[in-house]
Amino acid sequence: MAANILALAPRFVRGAAAMFDRLSSLVIALTLVVIAAIFAALTGGDPLSIAIMAIAGFVAAATVYSALPAARPDTQGAAPTPAEAPLISLLRHPDFAHWVDQEKEPLLGTADSIVTIANDAAIRLLGRHIVGADVRTAIRHPAATDWLSRISENAPLETINLIDFPRPGQRWTMRIAALSGSEHILFLSDRSAIDAADRMRSDFVANASHELRTPLAAILGYVETLQDMNGETDAPTRHRFLSIIEREARRMQQLVIDLLSISRVEADRFRRPTTPVDLATIVGTTIAQLRDSEQPRMKDVVAKLGDDPQPMLGDEAQLGQLAHNIISNAMKYGHAGTPVTVELVREGSRVRLSVSDEGDGIAPDHLPRLTERFYRVDEARSRSVGGTGLGLAIVKHISERHQGQLDIDSEVGRGTRVSVTFPLLAKG
């Protein structure tokens, strides 16, 4: 029986060793040898047999121990170390290309100074040929070329102003974001409209200051002259000086009124009127008010308003101011004794208010600028008739708020026709 146990022990040890690690297999093998020796002693084996069996067991255990693979380090609980993946270029990622196409402003991606990706806005601005070209030739501007030439020298990433780019009078800015390696993203932004608004604001302040300073200087000059005379001047001279002071003061007052008007109109330009009004009634009321003010040329006004109402959504006060400015301009710049025709005509779903005069007319090169603030074709004549240079600018803003279309037609020597078409109120 001892021989059978001795024969089975190595086989059992090998089977158990396959399930456990090297140290565990050795412990099990030695334990079985000890158990086999105890069984041999209990069955009456002689000491020599027991010794031989024990030596054989130790040899078997050593053989099993040496045959098993080396124990692996305990990695339980430790995250496996992944193989280092190669870096993926952001410019070649499909999600990046999708995002680029959604950007409305021009955007370029470059690698080693070569344009590898450009969105639709960049292609419209610079041309389709820029993809695959050197970025310094794609953006042809001295400031951009100089900065892009130093981009490999770790130059600080800053915003570059591109003056007169891509056409004279325009300004764009260029910003650059650095990616890994030699890849960069270039952002181009149009700042032309912002610059134009800044210039318009500066011009407006300068022109308003000039327009206010001129009558104020005249008023102060004549007041100082009267003060220096100390009552020595005669009544006709005093009356003439006071008349000039009154005229300049009224001119300054009208300028302030127009400045406030254009400010209010601009503040409301994004709010569409919602009140139903009758344009025919508004124009008729404006003509009546001008007659009550004893305008010297009111007898020349010919009203052709018709008998039908012209319903529309509008601001009654602003539409009255629009009609007042157009009719007043026609009376100021038309020849005395010639008709000033005020007409309302329905044109499908719209109504046209037109005012025509028979004056000197306006040269074609002046027509596009007539609605600019303080723009005058003849500055001396405009001041002599009391114009502030803001009348048509106010008309333009009021017509835009009411979804109107302003048209100015003029022929030198024959007169001018100013018309505004408005959408009529749809019948419910």
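In the predicted model, Val342 touches residues from several stretches of the chain: Val283 and Ile287, the run Val301, Val302, Ala303, Lys304 and Leu305, then Ile327, and finally Leu353, Ser354 and Val355, when residues up to four places away in sequence are not counted. Val342 also belongs to the largest nonpolar core, which has 40 residues. Together with Leu279, Val283, Ile287, Leu322, Leu344 and Phe422, Val342 is among the residues with the most contacts inside this core. Both helices and strands supply the core: two or more residues come from each of the helices α9 (235-267), α10 (279-292), α11 (316-333) and α13 (391-401), and from each of the strands β9 (340-347), β10 (350-356), β11 (405-411) and β12 (415-423). The helix α11 gives the most, with seven residues. Another core lies apart from this one and comprises 22 residues, including Leu148, Ile160, Trp172 and Leu186.

The second largest pocket holds about 360 Å³ of space. Its lining is made up of 15 residues, of which Met200, Asp203, Thr371, Glu372 and Arg373 are the closest to the pocket centre. The largest share is that of α8, which contributes six residues. In terms of residue class, six of the lining residues are nonpolar, three are polar and six are charged.

Thr388 is located in the loop between α12 (379-384) and α13. The relative accessible area of Thr388 is 7%, and the residue is therefore buried, since this value is under 20%. When neighbours within four places in sequence are left aside, the contacts of Thr388 are with Gln254, Leu255 and Asp258, and with Phe374 and Arg376. The C-alpha atoms of Thr388 and Tyr375 are 9.1 Å apart in space, while the two residues are 13 residues apart in sequence.

A further feature is found in strands β1 (residues 107-111) and β2 (residues 114-118), which pair in the antiparallel sense over four bridges.

How values were computed:
Residues numbered from 1 in each chain as written. Predicted model: local features only at pLDDT ≥ 70, side-chain atom pairs only at ≥ 80, totals over all residues. Heavy atoms only, no water. Core = buried A, V, L, I, M, F, W, Y, C linked by side-chain atoms within 4.5 Å. Buried < 20%, exposed > 50% of the residue type's maximum accessible area, 1.4 Å probe, protein only. Contact = heavy atoms within 4.5 Å. 1 Å grid on protein atoms, 1.4 Å probe; cavity = no way out; pocket = protein on both sides within 12 Å on 5 of 7 lines; lining within 4 Å. Points joined across faces, edges and corners; volume = space filled by probe spheres on them. Nonpolar A, V, L, I, M, F, W, Y, C, P; charged D, E, K, R; others polar. Pairing = 2+ DSSP bridges.
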